[in-house]
Amino acid sequence: MRKKVGKFVSIEGGEGAGKSTQAKKLAAALKKCGIDCLVTREPGGSKGAEEIRKLLVEGKPGRWDALTETLLFFAARHDHVENTIKPALAEGTWIICDRFADSTYAYQGAGGGLDRETVRRIESVAIRDFKPDLTLILDQPVEIGLERANARAGKETRFEQFGTAFHEKMRAGFLDIAKRARERCVVIDATGSEADVAEKVFAAVAARFGIK
Ligand code: TMP
């Protein structure tokens, strides 16, 4: 395997947490510090994975069960890691990824009821021990996030329709991941303004990687 030279940062959180906006703002701030970044997303981020994305985020909520979803998310993730993430890191480009494997533990695991060990075994086949260097979890109350997400138009609403109880379990799942992996994860309060959250996001990245 080619050597990883760039840093891999994932941004996680529930619906409407502002991850995509924060990913772009973080990349812009890092570029100002002379760091070359690629913003990418999951599910998606490579040609094949974007095709799988459609199967997952469109259509009726009950279209797949949690195990099938997990297999599809990791199929997309394998393609994304091999074709986009690893080649960029090997060239020294930093990756800012809007969601990664923690989303599967939180949504299909905590939310959808699939046990951790099953998710871990599928993860280990699909991507081995490939993990972000830093994971920022944007946290906010479920109702605020769903309100923001519902205000967006589009076809990609499958998970938004899962109901509040699912989303509460998923939020608790992310906070549990942060406790289990303290060395990798930082929880960021996402209820402030875009600018406030961007400041906290950049501060967390700068502190972790020693950027002045
Ligand atoms: P997005 O809205 O952040 O682009 O993500 C698409 C949806 O897919 C979102 O509702 C969360 C869901 N999702 C999972 O359920 N499991 C996963 O592993 C990932 C990456 C996303």
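Which helices each supply at least two residues of the shell around the ligand? H2, H3 and H4 do. The model is predicted: local features need pLDDT of at least 70 and side-chain atom pairs pLDDT 80 or more, while totals for chains, interfaces and linings use all residues. Numbering runs from 1 along each chain as its sequence is written, and side-chain values use heavy atoms, without hydrogens and water.

**Ligand shell**
- The shell holds 14 residues, with Glu 15, Arg 53, Arg 99, Thr 104 and Gln 108 nearest (a heavy atom within 4 Å of the ligand).
- H4 gives the most, four residues (helices are DSSP runs of H or I, at least four residues, numbered from the N terminus).
- By class, the shell has five nonpolar, three polar and six charged residues (Asp, Glu, Lys and Arg count as charged; Gly is among the polar).

**Polar atoms at the ligand**
- Glu 15 places a polar side-chain atom 2.7 Å from a ligand oxygen.
- Arg 53 has a side-chain N or O atom 2.9 Å from an oxygen of the ligand.
- For Gln 108, a side-chain N or O atom is 2.9 Å from a ligand nitrogen.
- The ligand alone exposes 470 Å², and the protein buries 91% of that (Shrake-Rupley, 1.4 Å probe).

**Pockets**
- The ligand takes the space of the largest pocket (more than half of its atoms lie within 2 Å of the grid points).
- That pocket has a volume of about 820 Å³ (an open set on a 1 Å grid, 1.4 Å probe, protein on both sides within 12 Å along at least five of seven lines; lining atoms within 4 Å of a point).
- Its lining divides into 11 nonpolar, 13 polar and 15 charged residues.
- The second largest pocket has about 220 Å³, and its lining has no polar residues.

Conventions: Points joined across faces, edges and corners; volume = space filled by probe spheres on them. Polar contact = N/O pair within 3.5 Å; in protein donor to acceptor, adjacent residues only side chain to side chain.
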